[in-house]
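Subject: Structure handover

Hello,

Here is the structure, with the sequence.

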Amino acid sequence: MIPEQYPSTTAAERAAVGFSRIALGVEYKGARYRGWQRQESGVPTVQGFLEQALSRVAAEPVSLMCAGRTDAAVHASGQVVHFDTRVERPLKAWVMGANANLPADISVTWAKVMPADFHARFSAMARRYRYVIYNDPVRPAHLAEEVTWNHRPLDAARMAVAARALVGTHDFTSFRAVQCQAKSPIKTLHHLRVIEHGRFIVLDIRANAFLHHMVRNIAGVLMSIGAGEREPGWAGEVLAARDRRQGGVTAHPYGLYLVRVEYPEPFRLPERYLGPHFLSALDD
């Protein structure tokens, strides 16, 4: 962590005084956490546990910045974080040392020394999520907190047709949470794929950035269409309305995964499979 005497230092100044910037890949099951961000109330968060673990490895306080602040019960297989430190450790020590001090549902997957101008959040060019729906009349006993169960038969083809209206640069006001603090509702959706894999239906979504609850609100609309409650054209109507009240129910968080954050090529961050683990066949 950068000491208080350096609160406004630039990246170059931090490097000059001996700080290294370390980036980490992180995956976690979000079910028992109140989201990524550390909270003053002391409730369990992913950031809180990860900072504690890294601070033990560093033998000094570590403060993290992340690529995307996931909500309560949301998962990640491709979260990226960074921190600044003057402590020298082998990269393997940051990975293995952190994991030795973390609960079983959080894991550091890689570590890399980065240039001082790298920022896990602000350097990102795109983010990719997967929303995993388990479509069966009977609720699953396995993966119950890692998928969204939908008992209604869903027509993935109808959902795919509806999804086309959302691809591109649009005002996504109808798909943002009321409490969303983003300055602009205009985002660019690079792709929105509907993938059927056995009893799973996976929404694979890539965009330059996302609004609060945007993926879950899109999932809610597409599931209503897949169940035959609405016609595929409804997705475009909701988008055009620019009114959250027209967008239906926000889908559950359990099936949502942050699977990849993309950065400019010169940073050359390690890439693993997209995840989640139980759907690795999709990446073959």
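I will start with the salt bridges. Arg-38 and Glu-51 are joined through their side chains by a salt bridge, 2.8 Å from N to O (the term means a side-chain nitrogen of Lys or Arg within 4 Å of a carboxyl oxygen of Asp or Glu). Arg-38 sits in the loop between strand E1 (20-28) and helix H2 (46-58), and Glu-51 in helix H2 itself, so this pair ties together parts 13 residues apart in sequence. Helices (H or I, at least four residues) and strands (E, at least two) are DSSP runs, numbered from the N terminus. Arg-38 is partly exposed at 39% relative accessibility, while Glu-51 is buried at 8%. Buried means under 20% relative accessible area, exposed over 50%, and partly exposed in between, with a 1.4 Å probe and protein chains only.

Before going further, some ground rules. This is a predicted model, in which local features need pLDDT of at least 70 and side-chain atom pairs count only at pLDDT 80 or more, while totals for chains, interfaces and linings use all residues. Residues are numbered from 1 along each chain as its sequence is written, and side-chain values use heavy atoms, with hydrogens and water left out.

The search of the whole structure gives 16 salt bridges. Another of them pairs Asp-204 with Arg-128, again through side chains, at 2.8 Å from N to O. Asp-204 belongs to strand E9 (residues 200-207) and Arg-128 to strand E5, so the two tie together parts 76 residues apart in sequence. Both Asp-204 and Arg-128 are buried.

Arg-199 also has a salt bridge, to Asp-136, with 2.8 Å between the closest N and O atoms. Here the linked parts are the loop between strand E8 (186-197) and E9, which holds Arg-199, and the loop between E5 and strand E6 (148-150), which holds Asp-136; they are 63 residues apart. Asp-136 counts as buried at 10% relative accessibility.

One annotated position remains. In UniProt, an unreviewed entry marks Tyr-129 as "binding site"; UniProt positions are given in the numbering used here, feature names are shortened, and annotations may be inferred rather than shown by experiment. Tyr-129 lies in strand E5 (residues 126-135) and is buried, with 11% relative accessible area. Leaving aside neighbours within four places in sequence, the contacts of Tyr-129 (heavy atoms within 4.5 Å) include Asp-204, Phe-210, Val-215 and Tyr-257.

Regards
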